[in-house]
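Here is a friendly briefing to keep beside the viewer.

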Amino acid sequence: MIVMALSACVTLVACKEPVETRREPTNDMKARGLAAIERAGCGSCHKIPGLDWPAGRLGPSLEGFDDVGLIAGALPNRPDVLAAFIRNAPGVKPGSTMPPMPVSASEAEDIAAYLYGIDHD
Amino acid sequence: MIDALWGWPPPVLDPAGPYSAKVTTLSWSLFALGLVVTAIVVAALYVAIKGPDRWKAKLGGERAIWLGGVAFPGVVLTGLLIWGLTLTASLTESIRGDEMRIRVTGEMWWFRVQYLDADGSVAMEDANEIHIPVGVPVVLELESADVIHSFWVPHLSGKKDMIPGRRTLLRIEADRAGEFGGVCAEYCGGQHALMGFVTVAHDRQEWNVWLAGRRAGAAQAAASPASASEGASPYPGDADAYPTEAELLEQYDPRAGYRLFMDSGCAACHRIAGSDANGLAGPDLTYVGSRRTLGAGILANNRGTMVGWIGDSQSLKPGNRMPSYDVLTAKELGHIAAFLELQR
């Protein structure tokens with residue numbers, strides 16, 4: 001019985017969720033993500049949906065982030081990679097224009113969740 | 001970014017000092033009086049429509065107009081004017097001589113801040129940030145370099161216009177430590193809405209530390225312009241996840257930043273005490289690394305926003321006097337930002 005239950009669990013875990021829902025963050029995460037974006041001032045360089053101002057153009061627009069290919073044209077497009085990139089871009093992608101940003105690990109996860117969760121076209 | 005106007009209770013009804021407390025008293029009195037007058041008007045309207053004929057005749061008579069339309073507002077408004085001016089007279093009291101004095105000059109679209117000696121000469125210059133000790137009245141000498149601005153920290157005092165060619169006085173005082181946002185409260189051109197500042201009230205001990213830090217910073221800057229004192233890392237949380245100061249210095253070199261600052265024309269508008277940068281047109285950057293905000297109270301101050309502001313300030317605050325330095329490379333922007341972070 002236990003073995004069966006365990007194997008069922010393993011099977012469930014092994015299943016990948018459908019693409020549309022894989023990166024659907026909770027509303028809490030999204031709200032925290034946007035708050036962290038505003039506090040850290042990401043808009044100084046990026047146009048970010050949901051943020052009227054600032055909408056800097058030094059860096060790329062972050063609209064439709066769920067559809068982009070590689071992060072910064074170089075890194076696998078996964079939330080954990082994005083979170084790491086947000087905190088220490090030059091560490092993850094040497095030579096990156098984007099400097100390390102003063103956000104905590106959980107804030108970076110929230111920001112990543114926000115960026116993936118804002119546009120489903 | 002410290003918000004001056006939002007929050008609950010609204011800052012103007014949440015005084016943090018004796019001068020703003022008077023403004024709050026005045027505000028509540030006006031609300032209450034407005035409520036009374038509205039009630040009287042509504043009652044009169046009700047009588048005029050539904051009241052008995054005898055009352056209607058009285059209300060429409062000459063006597064009612066003289067009493068309710070002339071005498072009542074005349075007496076109430078005159079009384080209110082005298083009381084209001086008396087109540088807030090201390091906000092604009094002239095200088096006695098023993099107060100702390102700060103000259104604040106409105107510029108399109110930022111605030112020049114000069115701490116004055118007892119004899120009125122400039123002891124220290126800063127921008128968009130005013131530091132005061134708790135419990136001490138501070139006299140602000142308000143001036144303008146171009147158009148009419150208005151100085152307003154709702155938590156600490158009333159509004160006062162900054163008028164070209166004139167010097168106006170305004171007193172502020174905080175009775176609790178904290179950071180209080182301020183804004184320009186008089187339309188002054190395209191970026192009026194992005195013209196803000198922060199007032200930081202320190203308790204006594206913290207104030208002494210701040211003052212000592214400023215003096216030490218100035219001395220150190222004078223000794224070596226390219227690297228003033230290094231403060232605490234702005235990066236929160238588990239420090240391991242971030243590059244160390246040394247690693248950051250490897251990527252971005254403050255000395256290279258200093259040379260770029262001097263060679264790219266930054267020094268033509270910006271002054272850094274103790275260095276060859278002596279421009280006076282823009283904000284003094286001697287302490288820019290310690291400021292809470294960039295761009296006049298509008299952006300957080302970190303490496304990212306600094307790079308964004310230097311590289312592309314025209315996208316963030318269109319029409320401001322600083323050109324976007326998009327002729328520099330990302331690396332060069334990073335060098336300059338690293339250099340400026342050390343100016344504290």
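Of the 121 residues in chain A of this predicted model, 40% count as buried, where buried means under 20% relative accessible area, exposed over 50% and partly exposed in between, using a 1.4 Å probe and protein chains only. In chain B, buried residues make up 48% of the 344 residues. Residues are numbered from 1 along each chain as its sequence is written, and chains are lettered from A and ligands numbered from 1 in the order in which they are written. Because the model is predicted, local features need pLDDT of at least 70 and side-chain atom pairs count only at pLDDT 80 or more, while totals for chains, interfaces and linings use all residues; side-chain values use heavy atoms, leaving out hydrogens and water.

**Confidence**

- The mean pLDDT of chain A is 82, with 78% of its residues at 70 or more; pLDDT is the predictor's confidence in each residue, from 0 to 100.
- Chain B averages a pLDDT of 89, and 90% of its residues score at least 70.
- Residues 225–232 of chain B have a pLDDT below 50, yet this stretch has 22 contacts in the model beyond near neighbours in sequence; contact means heavy atoms within 4.5 Å.
- Where pLDDT is low, the predicted coordinates should not be read in detail.

**Overall make-up**

- Chain A has six helices and zero strands, giving the pattern α-α-α-α-α-α along the sequence. Helices (H or I, at least four residues) and strands (E, at least two) are DSSP runs, numbered from the N terminus.
- Chain B has eight helices and 12 strands.
- Among contacts with a separation of 6 or more, residues 24 or more positions apart account for 43% in chain A and for 63% in chain B.
- Chain A exposes about 6,700 Å², with 62% of it supplied by carbon and sulfur atoms. For chain B the accessible surface is about 16,500 Å², and 61% belongs to carbon and sulfur atoms. These areas come from the Shrake-Rupley method with a 1.4 Å probe.

**A helix pair in chain B**

- How do the axes of helix α1 (residues 18–50) and helix α3 (residues 62–87) of chain B cross, and within what distance do they come? They come within 11 Å and cross at roughly 170°.
- The two helices, α1(B) and α3(B), are therefore roughly antiparallel to each other. Angles under 35 degrees count as roughly parallel, over 145 as roughly antiparallel, 65 to 115 as roughly perpendicular and the rest as oblique.
- Axes are lines fitted to C-alpha atoms, for helices over the stretch in contact, and angles run from 0 to 180 degrees between N-to-C directions.
- On the α1(B) side, the contact includes B:Leu26, B:Leu30, B:Leu33 and B:Ile40, and on the α3(B) side it includes B:Phe72, B:Leu80 and B:Trp83.
- The contact residues divide into 10 nonpolar, three polar and one charged.

**Buried spots**

- In helix α4 (residues 79–87) of chain A, the buried residues are A:Val81, A:Leu82, A:Ala83, A:Phe85, A:Ile86 and A:Arg87. Their cover includes α5 (89–92) and α6 (105–116) of chain A.
- A:Pro25 sits in the loop between α2 and α3 of chain A and counts as buried at 10% relative accessibility. Leaving aside residues up to four places away in sequence, A:Pro25 touches A:Lys30, A:Ala113 and A:Gly117.
- The C-alpha atoms of A:Pro25 and A:Gly117 are separated by 6.1 Å, although these residues are 92 apart along the chain.
- B:Glu341, in helix α8 (residues 330–341) of chain B, counts as buried at 18% relative accessibility. Beyond residues up to four places away in sequence, B:Glu341 touches B:Gly289, B:Asn302 and B:Arg303.

**Backbone details to look up**

- Most residues other than glycine have a negative phi, and most peptide bonds are trans.
- The peptide bond from A:Trp53 to A:Pro54 is cis, with omega near -5°, and A:Pro54 lies in the loop between α3 and α4 of chain A.
- A cis peptide bond also joins B:Trp8 and B:Pro9, with omega about -5°; B:Pro9 is in the segment before α1 of chain B.
- A:Ala72 has a positive phi of about 55° and is partly exposed, with a relative accessible area of 40%.
- B:Ala296 has a positive phi near 70° and counts as buried at 2% relative accessibility.

How values were computed:
Nonpolar A, V, L, I, M, F, W, Y, C, P; charged D, E, K, R; others polar.
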